[in-house]
Amino acid sequence: MYNFDFERPSSLADAIVALAQEDSQALAGGQTLIPTLKNRLANPAKLVSLMAIDDLQGVAVGDGVVCVKAATTHVAAAAGAAGSFPALAELAGNIGDPAVRNRGTVGGSLANNDPSACYPAAALATGATIVTNLREISADEFFTGMFGTALGDGEIITEVRFPVPDAANYQKFEQPASRFALVGVFVARFGDRARVAVTGASEDGVFRWVEAESALFGNFTKASLDGLELSPEGLIGDIHGSAEYRAHLTKIMAGRAVAAC
Amino acid sequence: MNEVSFVVNGREVSGEVEGRTLLSEFLRENLRLTGTHVGCDTSQCGACVVHVDGNAVKSCTMFALEAEGSNVLTIEGMANEDGSLGVIQQAFQDHHGLQCGFCTPGMVMSASALISENPDPSEMEIRDYLEGNICRCTGYHNIVKAIQAAAEATRTQAA
Amino acid sequence: MPKDFGVGASTKRREDVRFLTGNGQYTDDMNVHGQAHVHFVRSEVANGVLKSVDTSAAAAMAGVVRVFTGADFEGVGGLPCGWQITDRHGEPMKEPAHPVLAQGKVRHVGDPIAAVVAETAAQARDAAEAVSCEIEEQPAVTDMKAALGGGALVHDEIGSNLCYDWGFVEENREAVEEAIRGAHHVTTLELTNNRLIPNAMEPRVAIGDYNPSTDESTLYTTSQNPHVIRLLMGAFVLGLPEHKLRVVAPDVGGGFGSKIFHYAEEALCTFAARQLKRAVKWTASRSESFITDAHGRDHVTKIELALDKDGNFLAIRTETCANMGAYLSTFSTSVPTWLHGTLMAGNYKTPLIYVNVKAVFTNTVPVDAYRGAGRPEATFQLERVIDKAARELNMNPIELRRRNFIGADEFPYSTPVAVQYDTGNYQATMDKLVDIADIDGFSGRAESSAARGKLRGLGVNCYIEACGIAPSNLVGQLGARAGLYESATVRVNATGSVTVMTGSHSHGQGHETTFPQVVADMLGIEEGQVNIQHGDTANTPMGMGTYGSRSIAVGGAAMVRATEKIISKAKKIAAHLLEAPEGDIEFKDGSFAVAGTDKSVAWGDVCLAAYVPHNYPLEELEPGLEETAFYDPANFTFPAGAYACEVEVDPETGKVDICSFAAADDFGNVINPMIVDGQVHGGIAQGIGQALLEHATYDDNGQLLAGSYMDYAMPRADDVPSLVVDHSCQTPCTHNPLGVKGCGEAGAIGSPPAVVNAVIDALERGGHSVGHIDMPVSPSRVWAAING
C-alpha cells in the first residue's frame, strides 16, 4: 500500500480537526479499508483512527431504541443488543468471521456502504438514524447507492440509533467465497407496518422492497409475499448468481425472514 | 516513521514503523516472530490471527500503530512455561490437526479464542467459528477433533 | 491390535512441534544478509504486443537497485516443458518459448514484464508503479472452442492454438467407433472439469543468493522437488552447472502440485542475485498467486459409454479439450494425456477405449498438475457417465458398477489403455463402503430430509489412480524428459543413530515421521534414533521429489533398498565380530545372532565397529556404514476405492449441503494410519471444493473473475462434514518392497463424482430430471437447473 501519516486521537474533537486536513481519511476497524489500501485502490495522505475515542464506544438501550456508538465492534454490538434487539445482535454476530467481528464496526460498515454488507439492511429496515458530528440523517436519506452515502468530507458517524421493532429477522444467503450477503433481507415489523430492506442484490446498494412492505401491511405473513416477484432489472449479476437468481433469492429470504419473526 | 511500543507474549517491545506497517509485518520482520503467517491479502485466510488484548484479530488487517499500548499474544506465546506444548497445541499434535503447518498458528489462536468464549463448543460451533481460518490440507476433520479435545482438556484443567 | 511402533503405527508427527510453536522455517521466514527485494511488473491485459518498457523513472526512485526486463534475458534460456507429447499423426507437440520476462508479447494477465529490485519490498512495489509499459492490446482468447475456431492467436509463430491432438490408443479408434455404433445402449455426457487454483496456504517465495568468492548460487524456494528445480533452472534456463547451484526448499506450506513446477520468479531471483552480487527475495501476495501459480484441471469433455442389454460395458470414447493456458508449464502436457487417458478403464472391464485430447493454448495462466492431475478428470467423466447410464437403463448404480468390476481373481489385469493393474479388490472396497456409509439406511434419511423440505441424494462412485510415478524407461518412451526414480542415502552413525537423506520432500505429508518409522522397523531401533534430511540439494542425493502420491511408494522403496544394503553390510561386520559364517547371521530386533546359538552382537556394537574398525575385516570390507539406493519402480501403483456422499438440496435456493461423506480406500499396506486418514480427509475437502465451490473463471477479455478469496470459494470448515474414512481393505502392491500404493491424491480424485452424483440423485428424486450440472454445483446453477 502507499504510505500515509497515522493519527489515533483520543477525542472526537481532535479527530475532526485531523480529518479536516486534505486527503485525510477516517479509519475505523479497517476490515474493508485495509484490504483496499493493500491493493492500492486508495491513497490517503493521512489515516485517522477512531478506535481510541471512548465516546464512540458502546451500546445504549432505552426508549425503544438501541443506540450503537460508531466505533463499537460487531462483537460488542452483538453482546450489547442481544437482550433488547436479538435480530440486530444476530446480524452483527454473523458478519464476517470472529476475528473480523473483533475489529469491524457499525460506523465503518455504514460509511462504506458495501452493496453486500449486512448492517445497511438493518439500518434501512428499522429506519435507523445515523448521527454524525454535524447532524442526524435518516437511513432512508443516508444510503445513496453502491458505496455511496450522504456523508460529507470530514463528517464522522458518531452513533446509530436503531428503533427496536415489534418483530424482526435477518436472513442472509451467503456468497460462498466472501461470505458477504449474496442476498440478505432484513424484515422489521412496527405494529401493522413492515419495512423490508435488501442487501447484496442491487447495483444501487441496499434498498427497500416497497412492494413487499405493502403486501405485508396489516397481514404480516409469509403467504402475503406469494404473489410478488422482484424484477431482476438493476440487480447484480456475477459469477455467483444472475440477477434473476438474486431476485428469486430476495423473495425466498424475505419469506423466511417473515416466517422467523 | 513513528515509534510504537506494546507487549508481545509478555515482553515489552518497541520499534520504528511507517504508517502502513501492518501488525503482521511488524511481528514478522521487526520482531522476527515468524510464526504468524500471511496467506492472503484480503483478510480471509486467518493464518495471521493473533490476540490483541485477548481478542482474536487478523494481524494483517491492523496497523502496527493501532496496537500501541496493547497486549499481543502470538503462537510463540502459546507453549507452557517449561516449553512443552500448551493444551491446544498438544491436542493438535495428538489429533493430527495439521499437515503443512502454515495455517496452524492462526488455527491455534482462533481455537484458543473460541475455547475462552465457549468452553464446550459443539462440532457445528467449532466449524462456524473457524469461518475465517482456511486450511487447504486437513479437510478440517482433525482440526475439529483437536479443538474438541483441547476444550475438554481445558475444562478438566479448570475443574 | 493397532501398533504403537514402526510400520503400521499412528506415530505422532515430530515436525508438529515446531509448526505448533511458530518455529517452522518457511521460505518467507528466512532473510539472507544484505538481501534486496523484488517486485514484478505484470501484464494487466491478457494478450498484447509489448512495444516498449521504460524503466527510467522507476530506476531513479528511492531504494531502487536495478530494474530487469526481457531484454536482460536475451541469450538466457526459457522455462522448459518437461514432457513432449507426440500427436495422433506422429508429430511432436507445439512448444512455444516461455521467457522468464516477457519479450515482445504478453500472453496472460500476470505475465511478468519487468522486475524491480529495491532495498525494501515496499520500495520495490512503489517503483514498480513507475515502470511504463506500452502494450498494444489484442483480442484475447480464453474459451477453448473459440481458441480452436479461429480466435486470437496466443503464439503467432505456431499459427494455431492447438498444442497437440493426441489419440490413445490410436489403433482402437475404428474398433471403438464400431462398438459404439452397434451397441444396445450408448450413454453420452458432455461436461466440464472446472479450472481450479491449487491455493496452497503458503504463497510462493524465492530468494536468490550468490557467493562471488566461490561463484556459487543458492536458491531458497517453496518447492516440492528442489533437485528438479536445480536441474531445470540450471541446465535449461541459466546455464549453471549443478556443482555451482544449490536449491533449498525449507518447510513448505502445502503444494498440491503447484510447487512442482519451475517458475520464472525462481530464475529471476537467482539471475538477479548473480548480477547484483547480493541476495534477492520475492514473496508472492495471494493476489499474485492467483495469476502466477499454475492452475489445474480445465477440461471440456464429451464421453460416450456403450453397453449391452445386460449393462456390460462394451466401449468408451472420450474427447477432451484441455486448456494449457498461455505457456507450457513443467508437466502440463502429460496431465491430460498419460495421466488421464491411461486411467479411462477405471475399475472396470471395458474391452475397447479410445481417448482423444486436444491441448489448447489460451490467454490464461498456465495449467499444470494439481492434486490428482489428470486422474480426477478421468474419474469424474467415467463415474458420471456410469451413473447416467444406470439411470437411463433403470439399474442400480452400485450394481452396474459391480457387474463391470475387474474381479479380484483377474489381477494382474491389463487394460486396453496400456497399463497393468497389479492388484486390487473392488468388490471388497464397495462392500466396505456400503457398510461404513450405511447405504441401506439411506431411504430413511431421505424421508427425514423430505419432512424438512429438503431433497436428499446419494452419490456413489469408484476410482482408480496410477501413483508411484513412475518407471523411467516407460515414461521415457512416453515423452518424459526426466527419469522418475527416487533416491535415499542411509547414513548409520557410529553410535547407531541413523540419518536418512531423501530426494523426496514433504510439504505437509509428514515424512520426518513416517520415513523413520520404516527404517526403525527394519533396523529394530527406536524411531527417535532415525532422522531424515530433505529439501536441500547440498545434502541429499538426486531425487525427483514429492508429487503423484510417490513419496513412500518410490522414495520409501529407495530407502528400504538402502537400508537392506546397510543390513547386508552390517551382517558381514557382525559375522566377523561373532566369528561365524555370514550365512549364519540372523538380524532381528536390533540384534545380530548366530543361528541356533545364543551368540549375538547388538546393533550399536556393529555400528561402532564400522567406524572404529579395530576389530574389522578391513581387507574385505570398507569401514563405515552408509549406503545409497536409487529406486526405479517396475510399474505404477494402483490405489483404488469407493466413495459415497449424501447431500441435501434446498429446492428453494439451490444450496447443497453435504450431510455425510464416506471413503473406502485400498492403499495396500499403510505406514502410518493417522497420516493416511489425514491425507484422505484433505483430498476429500479439495474434491468437495471442486464439486461445489471452486471456479477459476475468466471473462472474455482474459481477466480472472475469481482472483481472490472474495470470489474464489475455498472450502471452509462449515462446508465440509465430518468424514468417515477406512483403508482396511488392503491388497498390497506386488512390486515395491513396502507393498504400499500411495494415498495423497485419492481423496481429490474420488470425491467430486460422488458429490455431483448425489446432487443429481437428489434432484431426480425430487422430480427434477436435470441430467447433469457442471461443477462447481453452485446454488445458482442448481436453481437454474431446477427451473429449466
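In chain A, 3 strands come together as an open sheet in the order β1-β3-β2, with parallel pairing; strands here are DSSP runs of E with at least two residues, helices are runs of H or I with at least four residues, and both are numbered from the N terminus, while two strands pair if DSSP finds at least two bridges between them. The model is a predicted one, in which local features need pLDDT of at least 70 and side-chain atom pairs count only at pLDDT 80 or more, whereas totals for chains, interfaces and linings use all residues. Residues are numbered from 1 along each chain as its sequence is written, chains are lettered from A and ligands numbered from 1 in the order in which they are written, and side-chain values use heavy atoms, with hydrogens and water left out.

The edges of the sheet in chain A are β1 (5–7) and β2 (24–27), each of which pairs on one side only. On average, neighbouring strands of this sheet are turned by 25° against each other, direction ignored, where the axes are lines fitted to C-alpha atoms, for helices over the stretch in contact, and angles run from 0 to 180 degrees between N-to-C directions. Strand β2(A) pairs with β3 (residues 46–49) of chain A in the parallel sense over 4 bridges, and L27(A) has S49(A) in β3(A) as its bridge partner.

Strand β2 (residues 48–54) of chain C is joined to β4(C) by 2 bridges, the two running antiparallel, and V49(C) has K105(C) in β4(C) as its bridge partner.

We turn now to the contacts between chains. Between chain B and chain C, 45 residues of chain B are in contact with 53 residues of chain C, contact meaning heavy atoms within 4.5 Å. These two chains bury about 4,200 Å² between them, 54% of it on carbon and sulfur atoms; buried area is the accessible area (1.4 Å probe) that two parts lose on being put together, summed over both. There are 5 salt bridges between chain B and chain C, a salt bridge being a side-chain nitrogen of Lys or Arg within 4 Å of a carboxyl oxygen of Asp or Glu. One salt bridge joins the side chains of R20(B) and D126(C), at 3.2 Å from N to O. Several helices give two or more residues to the side of chain B that touches chain C, among them α1 (23–30) and α5 (141–158) of chain B, and the largest share, 5 residues, comes from α2(B).

The contact between chain C and chain A takes 24 residues from chain C and 23 residues from chain A, and about 1,800 Å² is buried between these chains, 51% of it on carbon and sulfur atoms. Across this interface the rule finds 6 salt bridges, and the side chains of R179(A) and D719(C) meet in a salt bridge at 3.1 Å, N to O. On the side of chain C that touches chain A, the elements giving two or more residues are α3 (121–128) and α19 (779–786) of chain C.

Over all chains, a search of the whole structure finds 72 salt bridges. Within chain A, the side chains of R135(A) and E155(A) meet in a salt bridge at 2.8 Å, N to O.
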